Amino acid sequence: MARIPVVIDTDTAQDDCVTILLGLMDERADLRAITMVAGNVSFDQQVANAHTTLNVAGRLGSVPVHEGCRRPLRREWESAENVHGDGSGGLSMDLDGVHLDPEDGVDALLRITAEDPGEVSIVAIGPLTNIASAVLRDPGFAARVRSLYVMGGSNNGRGNITASAEYNFYVDPEAAQIVMDAGFDDLVIVPWAPLTLRDATFDRATYNGLCSLGTPLSDFFRRMCDATIDFDESVGVDGSTHPDSLTLAILLHPELVLASAPYRVDVETSSSLTRGHSVMAWSTFDLTPNATVVEAVDKAAFLGLLRGLLATPTRPDRPVSGL
């Protein structure tokens, strides 16, 4: 089976950590790098969460971690710490001697795609600041990316940070619009609503089952996700949400996708009321599509993929406090 070269661009917290685990352990994935972007939690905490995830998988130091943009292009950073806490349930490990690649994350994206043009896919599961910065630095970047899979926006549905905006697009809407306009040959968007809320949200009983598989990864999953499921339930979302891991999963396992369609996607950048809102225009409007939007996935199969991942035995490289 041919493996898929991929870079994960992430603001590591909760489901981002699950995405990294999938990139490390799925037999279809060839994880080339992890690039960090300002998003969910403080930047240094995100970096620590990425290393802790690698460690729990027994893969510490096996994949380069690059620091990318520490703030949005034009705006002040806004966190989602009210949702995720520190993104890892208070877990910590000794980071002494842990290697952080000195190459800038945007430079790494440019280099990796230049070394293998048309071969490497990027899974962007945080704000799109790094991806937009790569486009601005090198107009040829988009043409070298095999496919760009983005977790972001809502398909003309509800937001999760404002009534109309999903967090990743809201935090850096200018970056999101740059990416929409960049001309990626294969841009796939996995939206928050309605897709995630229907097909990538698992109720408390199902969640408890994923947390009770008796492996270090299952225990890690519980610590990462407990704060988020508590928050989700407090605002009327019935379960634990996993749009980020779904985004990588459908790249690796396209058979999960039950419905998708071409759309013209644009992101609001000028309105204070609807900042970050994603306008997804379907074929009725006779606009040239710039993305494929995923509309439905096989929820049971996705759950089975997560269950198999979390049931896999691993031996952490270093002790993790709290695990």
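Residue numbers start from 1 along each chain as its sequence is written, and side-chain values use heavy atoms, with hydrogens and water left out. Since the model is predicted, local features need pLDDT of at least 70 and side-chain atom pairs count only at pLDDT 80 or more, while totals for chains, interfaces and linings use all residues.

**View 1. The largest pocket and its lining.** This pocket has a volume of about 470 Å³. V83, H84, N160, Y167 and W192 come closest to its centre, out of 31 lining residues. Two or more lining residues come from each of α1 (15-25), α3 (81-84), α7 (167-171), α9 (192-199), α11 (216-234) and α12 (243-252). By type, the lining splits into 13 nonpolar, eleven polar and seven charged residues. (A pocket is an open set of points on a 1 Å grid over the protein atoms alone, where a 1.4 Å probe fits, with protein on both sides within 12 Å along at least five of seven lines; lining residues have an atom within 4 Å of a point. Points join across faces, edges and corners, and the volume is the space filled by probe spheres set on them. Nonpolar covers Ala, Val, Leu, Ile, Met, Phe, Trp, Tyr, Cys and Pro; charged covers Asp, Glu, Lys and Arg; the others, Gly among them, are polar.)

**View 2. Strand β7 and its two partners.** Strand β7 (residues 187-190) is covered on both faces, with L187 and I189 buried on one side and V188 and V190 buried on the other. (Buried means under 20% relative accessible area, with a 1.4 Å probe and protein chains only; helices are DSSP runs of H or I with at least four residues, strands runs of E with at least two, numbered from the N terminus.) β6 (residues 148-151) pairs with β7 in parallel over four bridges, and M151 has V190 as its bridge partner. β12 (residues 291-297) also runs parallel to β7, joined by two bridges, and here I189 sits opposite V293. (Pairing takes at least two DSSP bridges.)

**View 3. N168 in helix α7.** N168 belongs to α7 and is buried because its relative accessibility is 4%. A polar atom of the N168 side chain lies 3.3 Å from the backbone oxygen of I125. Beyond four places in sequence, N168 touches D11, I125, G126, P127 and M151. (Contact means heavy atoms within 4.5 Å.)

**View 4. A176 in helix α8.** A176 is part of α8 (residues 173-181) and counts as buried, at 0% relative accessibility. Leaving out neighbours within four places in sequence, A176 contacts L128, F169 and V267.

Note on methods. Buried < 20%, exposed > 50% of the residue type's maximum accessible area, 1.4 Å probe, protein only. Polar contact = N/O pair within 3.5 Å; in protein donor to acceptor, adjacent residues only side chain to side chain.
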